[in-house]
Amino acid sequence: MKRHFIWAAALTVAISMGSCGKKGEIYKDPNANIEERVEDLLSRMTLEEKVYQISQQVLGFNDNMNNIESLNPIPLDSKIGSVIYMGTDYKYRNEFQKKAVEETRLGIPVIFGYDVIHGYRSVYPIPLAMGCSWNPGLLQECTKVAAQEARMSGIDWVFSPMIDVARDPRWGRIAEGFGEDPYTASQFAVAAVKGLQGDSLNSTKTVASCLKHFVGYGASEAGRDYVYSEISDQTLWDTYLPPYQAAVKAGAQTLMSAFNDISGTPASANHYTMTTVLRDQWKFDGFVVSDWGAVTQLINQGAAADNAEAAIRALTAGVDMDMTDGVYIRELEKLVNDGKLDIKVIDEAVRRVLRVKFRLGLFENPYTPDSKDEERWLLPASKEIIQKAAEESVVLLKNENELLPLSTDKVKRIALIGPMVQNAQDMLGSWNGHGLASDVTTIYDAMKEEFKDATLTYAQGCEQDGEDRSGFGLAVRTASQADVVILCLGEKNGWSGENASRSTILLPAVQRDLLDAVARTGKPVVLVLNNGRPLELVDMEPQVKAIVELWQPGVTGGKALARILSGAVNPSGKLCVTFPYTSGQIPIYYNRRNPAREATQGFYQDVTVEPLYPFGYGLSYTTFQYGKLKISADKVAAGGKLKAEIAVTNTGTRIGKETVHWFISDPACMITRPMKELKYFEKAELKPGETKVFTWDIDVNRDFSYVDSDGTPFLEPGDIYIQVQDQKVKVTVE
Ligand code: GLC
């Protein structure tokens with residue numbers, strides 16, 4: 001008996017040692033608690049290993065046009081904590097991982113990151129378009145596809161979602177977020193985190209998300225990039241922080257610190273935002289990575305005299321990982337050895353990085369499993385989801401005399417004109433990951449497919465910019481011989497995204513002149529726009545019968561447009577960002593404060609106060625009749641509940657999807673509030689004649705409260721108005 005017992009005991013010890021290496025190596029034990037594993041591993045690390053663990057370098061040829069350094073400032077070392085992996089070959093990625101896991105002293109796996117902003121290879125519409133779909137569930141499906149493609153290609157961590165509230169369309173990065181409203185951005189941020197991270201990070205189909213750019217980057221002065229942003233604490237809390245707060249609560253694993261200077265303290269050296277708010281108030285336990293070179297850039301911003309000071313400021317403020325500038329590697333060891341930096345600060349940053357790696361299962365599964373390209377990306381089911389997203393993001397801005405959808409009994413000859421008709425690359429938008437132009441269905445090809453019975457003709461007319469008008473003649477002749485002109489204008493994908501600010505939101509003159517020339521034929525013109533920002537359309541609008549905002553739809557490209565023009569799909573998009581009447585109105589957004597004077601006093605004397613197309617605007621091929629807005633009580637106590645309802649009827653002849661936007665306004669408050677604030681939205685499909693009662697279940701504290709400059713929500717007794725379209729109903733909070 002005794003012999004057997006000894007055998008069994010020996011076997012147990014062997015198994016436990018086998019699963020966690022040498023005796024006591026808890027960090028290698030997959031059954032141990034993650035926090036124990038973190039502490040055990042941290043206790044074994046040298047200072048040099050710790051410093052490398054909180055640094056990121058580039059693996060592969062860096063094709064980020066705004067950060068073009070083909071070489072790392074420091075030779076790439078397999079002790080590195082993370083790399084931005086620019087390739088799509090998971091075998092190459094595994095070879096690098098093998099060096100980290102099998103050739104370094106502790107075998108800590110690398111975490112591989114990449115910019116997957118709206119798709120890895122199956123590129124879906126830019127986020128600004130997705131915001132116009134008012135369908136966060138659809139975004140969740142798209143991000144789920146992106147996560148699967150990324151993880152199967154060797155990426156464990158994506159630098160998205162970008163959730164910066166933006167109100168200046170001159171700023172190129174407005175394309176990357178979900179528009180001007182904090183609540184909208186919050187809803188889409190949560191959907192993106194859920195889609196990317198799924199139910200478990202320890203999976204071959206999910207990735208860690210990265211909320212960016214923390215925080216207030218969208219307030220960049222005058223729409224320029226990398227600049228100062230004047231943000232009061234009040235505005236920080238009521239406008240820029242809400243999407244981050246919602247997404248951290250949803251379980252986001254990382255954040256990226258921004259380039260902008262927040263009222264004198266750069267975001268990447270901002271202890272208040274990255275520690276007081278993020279850690280102390282929100283209890284965030286993942287890690288913060290700097291934006292590209294943002295640590296060393298503190299010198300440019302006047303926040304540090306040298307890299308040593310930049311390293312101390314960034315790390316002690318809360319930047320746990322230094323992206324690509326090598327400052328932490330070059331400076332931290334010496335700072336600790338000289339007694340200028342407490343190693344405990346480094347330890348906490350290392351803990352956070354290791355914690356996310358353990359959650360991702362990288363210690364047990366450091367290598368990307370084998371798969372075939374056709375198993376990884378552009379799956380038919382993925383493209384169907386993207387097609388649906390593109391269709392629901394399209395916003396019909398004008399449709400005079402119901403020119404659209406094109407009725408093929410009347411329309412036999414369709415002229416496709418403009419620089420975007422045959423364009424594929426720009427359909428992908430900025431930050432298009434590993435999307436390929438060859439994956440894109442052009443407008444031309446999609447229209448040929450959708451309108452087989454019509455005669456389609458084509459003329460490019462001009463390029464997107466430049467002064468060459470030699471193609472106008474053919475364009476005019478082509479238009480003259482058609483029943484209708486589909487004029488496809490727009491932006492290059494490099495005109496939005498990072499470092500892509502523009503002084504005006506007008507399209508280049510050559511495109512506007514092409515419109516003039518084509519419009520003078522007298523043929524009805526449908527203007528189709530591919531763009532990454534709101535545009536100034538006030539002079540173009542009168543010259544066309546219809547305007548379709550296609551945005552930059554991704555790989556399914558022109559298909560959404562073709563199906564909308566044919567009526568196969570009824571457009572349901574509504575703007576999540578205001579289209580100004582002129583560039584001179586910028587910034588103009590719906591949730592601005594009330595002015596001191598009534599009516600139009602104080603506004604521009606030379607142009608209307610209203611935008612051309614307001615937040616929430618979008619037409620349909622059917623009509624919706626809104627019934628009377630009703631609420632379950634006209635008085636409610638703090639902490640109480642309330643139900644608001646409105647019946648909506650499809651009074652047209654086509655099935656259509658309608659989004660009901662629920663706003664509130666608080667006419668008198670200790671802190672002035674926006675003239676109206678979006679607090680809930682719901683989208684639903686209605687058949688002709690169908691009536692649906694849209695309901696908002698109001699939690700008075702959650703939905704009626706405001707926030708002060710410390711982030712403390714407060715609810716004042718008094719009147720609150722609930723608003724849908726132009727109906728307002730008063731409820732009194734007692
Ligand atoms: C860029 C961008 C950021 C991106 C990062 C890595 O400069 O600002 O959005 O995730 O660097 O490419």
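## Largest pocket

The largest pocket in this predicted model has a volume of about 1,300 Å³. Its lining consists of 44 residues, and those closest to the centre are Tyr183, Ser186, Pro242, Lys679 and Arg702. Both helices and strands contribute: α6 (136–151), α7 (182–197), α8 (233–240), α9 (242–249), β23 (677–686), β24, α21 (700–704) and β25 (706–707) each give two or more residues to the lining.

Helix α7 provides the largest share of this lining, with 7 residues. Sorted by class, the lining of the largest pocket holds 19 nonpolar, 13 polar and 12 charged residues.

## Second largest pocket

The second largest pocket contains about 650 Å³ of space. It is lined by 31 residues, and Pro614, Phe615, Gly616, Tyr617 and Gln725 lie nearest its centre. The elements that supply two or more residues to this lining are β18 and β22 (656–665).

Strand β22 gives the largest share, 5 residues. By class, the lining of the second largest pocket divides into 14 nonpolar, 11 polar and 6 charged residues.

## Strand pairing around β21

Strand β21 (residues 641–650) pairs with β18 (residues 624–626) in the antiparallel sense, over 3 bridges. Within this pairing, Phe624 stands opposite Asn650 of β21. Strand β18 also gives residues to the lining of the second largest pocket.

Strand β19 (residues 630–631) runs antiparallel to β21 as well, and 2 bridges join them. Here Lys630 has Glu645 of β21 as its bridge partner.

With β24 (residues 691–699), β21 forms 9 bridges, again in an antiparallel arrangement. Val648 stands opposite Lys692 in β24. Strand β24 is also one of the elements that line the largest pocket.

## Ligand site

The ligand is surrounded by 14 residues, of which Asp115, Arg173, Lys212, His213 and Asp291 are the closest. The shell is made up of 6 nonpolar, 3 polar and 5 charged residues.

For Arg173, an N or O atom of the side chain is 2.8 Å from a ligand oxygen. For Lys212, a polar side-chain atom lies 2.9 Å from a ligand oxygen. For Glu498, the distance between a side-chain N or O atom and a ligand oxygen is 3.0 Å. On its own the ligand has 310 Å² of accessible area, and the protein covers 100% of that area.

Methods: Residues are numbered from 1 along each chain as its sequence is written. This is a predicted model: local features need pLDDT of at least 70, side-chain atom pairs count only at pLDDT 80 or more; totals for chains, interfaces and linings use all residues. Side-chain values use heavy atoms; hydrogens and water are left out. A residue is near a molecule or strand if one of its heavy atoms lies within 4 Å of it. A polar contact is a pair of N or O atoms within 3.5 Å; within protein, one must be able to donate a hydrogen and the other to accept it, and residues adjacent in sequence count only if both atoms are side-chain atoms. Accessible areas come from the Shrake-Rupley method with a 1.4 Å probe; for residues, only the protein chains shown count as cover. Ala, Val, Leu, Ile, Met, Phe, Trp, Tyr, Cys and Pro count as nonpolar, Asp, Glu, Lys and Arg as charged, and the others, Gly among them, as polar. Two strands pair if DSSP finds at least two bridges between them. Helices (H or I, at least four residues) and strands (E, at least two) are DSSP runs, numbered from the N terminus. On a 1 Å grid over the protein atoms alone, a cavity is a set of points where a 1.4 Å probe fits but cannot get out, and a pocket is an open set with protein on both sides within 12 Å along at least five of seven lines; lining residues have an atom within 4 Å of a point. Grid points are joined across faces, edges and corners, and a volume is the space filled by probe spheres set on the points.
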